[in-house]
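Reader: I have a structure open beside its sequence and would like to learn how to read it with care. Could we go through it together, beginning with a single residue?

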Amino acid sequence: MKIKEVHFLKSCTALSQFPRYSWPEFAFFGRSNVGKSSLINMLMNKKDLVKTGSRPGVTKMINFFLLNETISIADMPGFGYARLPHNIRKDFLPLIKNYIEKRDNLRLAFLLIDIRRTPGSFEIDLVDLLAKRQIPSAITLTKCDKLSRSQCAQRMRHISEELGISRESLFPTSSKTGAGRREILGLIREYAGVPGRTAD
Ligand SMILES: Nc1nc2c(ncn2[C@@H]2O[C@H](COP(=O)(O)OP(=O)(O)OP(=O)(O)O)[C@@H](O)[C@H]2O)c(=O)[nH]1
Ligand SMILES: [Mg+2]
């Protein structure tokens with residue numbers, strides 16, 4: 001899928017602020033610092049479309065972007081960062097839950113997991129919540145550049161066992177090297193119903 005144009009729409013902290021349109025939407029979920037914003041930048045071929053950071057908790061709202069004027073992208077706030085101020089942290093989960101329960105144009109959820117980490121209750125709860133709403137999810141493994149090829153294969157085996165899903169359902173990526181870009185854009189194209197080839 002060709003990235004012709006992408007622009008930031010708005011940041012939202014509540015359901016009432018979400019943009020109202022029926023463009024197919026793709027959301028990126030995952031713990032703080034897992035690499036959601038970096039992955040979006042990598043996919044869109046933009047260095048700083050979305051703010052990223054070495055300190056966790058950079059994205060505190062849901063940020064919406066419009067791709068090629070027809071596809072909506074949602075960058076979700078990271079969950080599970082204990083050192084954020086309590087008043088900000090406690091707003092995250094209801095916002096994420098509200099989003100999943102009410103966002104009718106959500107076509108596919110990307111759930112990001114750092115390839116070096118074992119999925120925890122946050123990831124398992126999210127998979128359950130998405131399944132309840134019958135929203136398909138793609139488990140996306142981030143920061144694969146940090147491991148060797150054989151270490152990656154070993155971690156993928158482990159994570160697939162932990163989540164009880166096949167290894168083919170895991171999408172390894174790296175925002176540093178661009179690995180996995182083609183596959184993730186292929187999924188977006190497929191679920192958005194865009195005709196044509198995957199290649200950029
Ligand atoms: N080596 C490597 N580092 C990465 C990769 N993706 C993200 N990072 C780094 O991880 C840190 C966090 O990345 P972000 O993209 O801000 O993470 P996030 O999930 O959006 O974080 P929050 O907004 O806090 O929820 C940054 O220092 C990135 O440079 C990757 O694929 N490889
Ligand atoms: Mg972020």
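Author: Let us start with alanine 27, which touches Ala74, Met76, Leu106, Ala109 and Phe110 when residues up to four places away in sequence are left out. Here two residues are in contact if their C-beta atoms, placed from the backbone, lie within 7 Å. The model is a predicted one, in which local features need pLDDT of at least 70 and side-chain atom pairs count only at pLDDT 80 or more, while totals for chains, interfaces and linings use all residues. Residues are numbered from 1 along each chain as its sequence is written, and chains are lettered from A and ligands numbered from 1 in the order in which they are written.

Reader: Which residues touch the most other members of the largest nonpolar core?

Author: As a general idea, nonpolar side chains in soluble globular proteins tend to be buried together. A nonpolar core is a set of buried Ala, Val, Leu, Ile, Met, Phe, Trp, Tyr and Cys residues joined through C-beta atoms within 7 Å, and a residue is buried if 20 or more other C-beta atoms lie within 10 Å of its own, exposed if 12 or fewer, and partly exposed in between. In this structure the largest core has 39 residues, and Ala27, Phe28, Phe29, Phe110, Leu111 and Leu112 touch the most other members. Two or more residues come from each of β2, α1 (36-44), β3 (62-67), β4, α2 (86-102), β5, β6 and α5, and β5 gives the most, with six residues. Over the chain of 200 residues, buried residues make up 34%.

Reader: How many helices and strands are there in the chain?

Author: Helices (H or I, at least four residues) and strands (E, at least two) are DSSP runs, numbered from the N terminus. The chain has five helices and seven strands, and from the N terminus on its elements run β-β-α-β-β-α-β-α-β-α-β-α.

Reader: In what order do the strands form the sheet?

Author: Strands of a sheet pair through backbone hydrogen bonds, either parallel or antiparallel. Two strands count as paired if DSSP finds at least two bridges between them. In this case seven strands form an open sheet with mixed pairing, in the order β1-β3-β4-β2-β5-β6-β7. The edge strands, each pairing on one side only, are β1 (6-12) and β7 (170-172).

Reader: Which pairs of strands run antiparallel, and which run parallel?

Author: β1 and β3 run antiparallel and are joined by six bridges, with phenylalanine 8 standing opposite phenylalanine 65 in β3. β3 and β4 also pair in the antiparallel sense, over five bridges; here leucine 66 has serine 72 in β4 as its bridge partner, and asparagine 63 stands opposite aspartate 75. In the parallel sense, β2 and β4 pair over four bridges, where phenylalanine 28 has aspartate 75 as its bridge partner in β4. Strand β5 (residues 106-114) runs parallel to strand β6 (residues 137-142), and six bridges join them, with aspartate 114 opposite threonine 142 in β6.

Reader: Which residues of β4 point one way and which the other way?

Author: In a regular strand the side chains alternate between the two faces of the sheet. In β4, Ile71, Ile73 and Asp75 point one way, whereas Ser72 and Ala74 point the other way, and all are buried. In β3, five of six residues are buried.

Reader: Across which strands does helix α5 lie?

Author: For such angles, axes are lines fitted to C-alpha atoms, for helices over the stretch in contact, and angles run from 0 to 180 degrees between N-to-C directions. Helix α5 (residues 181-192) lies across β2 (25-30), β4 (71-75), β5, β6 and β7, and runs at about 160° to β5.

Reader: Which loops hold asparagine 33 and asparagine 68, and are these residues buried or partly exposed?

Author: Asparagine 33 lies in the loop between β2 and α1, and its phi is near 75°, a positive value in a residue other than glycine. Asparagine 33 counts as buried because 21 C-beta neighbours are inside 10 Å. Asparagine 68 is found in the loop between β3 and β4, and also has a positive phi, of about 50°, although it is not a glycine. Asparagine 68 counts as partly exposed because 14 C-beta neighbours are inside 10 Å.
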